[in-house]
Each structure stands twice: as structure tokens, then as C-alpha cells.
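This report describes one protein chain from its atoms.

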Amino acid sequence: PRDELRPRFTWDTTSEHSPGSLVISGDEREGLMGNWTRTIPVEAGRYYRFSVGRKTQGVVLPRRTAVARILWLDAA
């Protein structure tokens, strides 16, 4: 996103439940937008597990604003 819409992105290593957390923090500005993106190569015939936990504060609709999405793409 543009700089004026960018929230703060940090990596929090203080969690006792995981080795680290990806954090997106906003402030009083309206319309902040941002996301973490990660590309992971996969092999055919193997199993993969994905899990996520989330914590929101001051969000009107967490189901619409704090989502996890997986996109499966082929080699093409």
C-alpha cells in the first residue's frame, strides 16, 4: 500500500506459545491497509499443515478484516 495507508509491521518474538508472531498495528488514521505475504514451494503428493491464530482490537468486523488466505497455484 501507499505510505499514507501503511500500518506498522513487526515480528514479535515474545510469545510464549510460538517462536514468533507477525504483527500488523494501526493507529487512528482511517483506511489503513496492509498484509503479510509468504510463498512456500510445495511438492505433489505431500501433506502440508497451515494454522493461524489472531488477536484483534478496535476492529468492527474481524471476520472481514483479519483473514488468512491460501492460494494454490500450478507451475503455469
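Is Thr65 buried or exposed? Thr65 is exposed, with a relative accessible area of 54%; buried means under 20% relative accessible area, exposed over 50%, and partly exposed in between (1.4 Å probe, protein chains only).

## Basis of the model

This is a predicted model, in which local features need pLDDT of at least 70, side-chain atom pairs count only at pLDDT 80 or more, and totals for chains, interfaces and linings use all residues. Residues are numbered from 1 along each chain as its sequence is written, and side-chain values use heavy atoms, with hydrogens and water left out.

The predictor's confidence in each residue is given as pLDDT, on a scale from 0 to 100. For the protein chain the mean pLDDT is 82, and 96% of the residues reach 70 or more. Among the elements, S1 has the highest mean pLDDT (87) and H1 the lowest (80).

## Secondary structure and overall form

Helices (H or I, at least four residues) and strands (E, at least two) are DSSP runs, numbered from the N terminus.

Along its principal axes, the C-alpha trace spans about 45 × 35 × 20 Å. Of the 76 residues, 3% count as buried. The chain exposes about 7900 Å², of which carbon and sulfur atoms supply 51%; accessible areas come from the Shrake-Rupley method with a 1.4 Å probe, and for residues only the protein chains shown count as cover.

## Contacts and distances along the chain

Contact means heavy atoms within 4.5 Å. Among the contacts with a separation of 6 or more, residues 24 or more positions apart account for 34%. Ser25, in strand S2, touches Pro7 and Arg8 when residues up to four places away in sequence are not counted. Ser25 and Trp72 are 47 residues apart in sequence, and their C-alpha atoms are 28 Å apart in space.

Thr65 belongs to helix H1. Its C-alpha atom is separated by 9.4 Å from that of Met33, 32 residues apart along the chain. Arg2 lies in the segment before S1 and counts as exposed at 51% relative accessibility. Arg2 and Leu32 are 30 residues apart in sequence and 9.5 Å apart in space, C-alpha to C-alpha.

## The aromatic pair

How many aromatic pairs does a search of the whole structure find? The search finds one aromatic pair. The rings of Phe9 and Trp36 have centres 5.6 Å apart and planes at 90°, so the pair is edge-to-face. Distant parts of the chain are linked by this pair: Phe9 is in strand S1 (residues 8-12) and Trp36 in the loop between strand S2 (21-25) and helix H1 (62-65), 27 residues apart. Rings of Phe, Tyr and Trp (its six-membered ring) pair if their centres lie within 6.5 Å; planes under 30 degrees apart count as stacked, over 60 as edge-to-face and the rest as tilted.

Phe9 is partly exposed, with a relative accessible area of 29%. Trp36 is also partly exposed, at 39%.

## Salt bridges

A salt bridge is a side-chain nitrogen of Lys or Arg within 4 Å of a carboxyl oxygen of Asp or Glu. By this rule there are three salt bridges. One of them joins Asp3 and Arg6, with the closest N and O atoms 2.7 Å apart. Asp3 is exposed, with a relative accessible area of 59%, whereas Arg6 is partly exposed at 34%.

Another salt bridge joins the side chains of Arg29 and Asp27, at 2.9 Å from N to O. Arg29 counts as partly exposed at 34% relative accessibility, and Asp27 is partly exposed at 41%. The side chains of Arg46 and Glu43 also meet in a salt bridge, at 4.0 Å from N to O. Both Arg46 and Glu43 are exposed.
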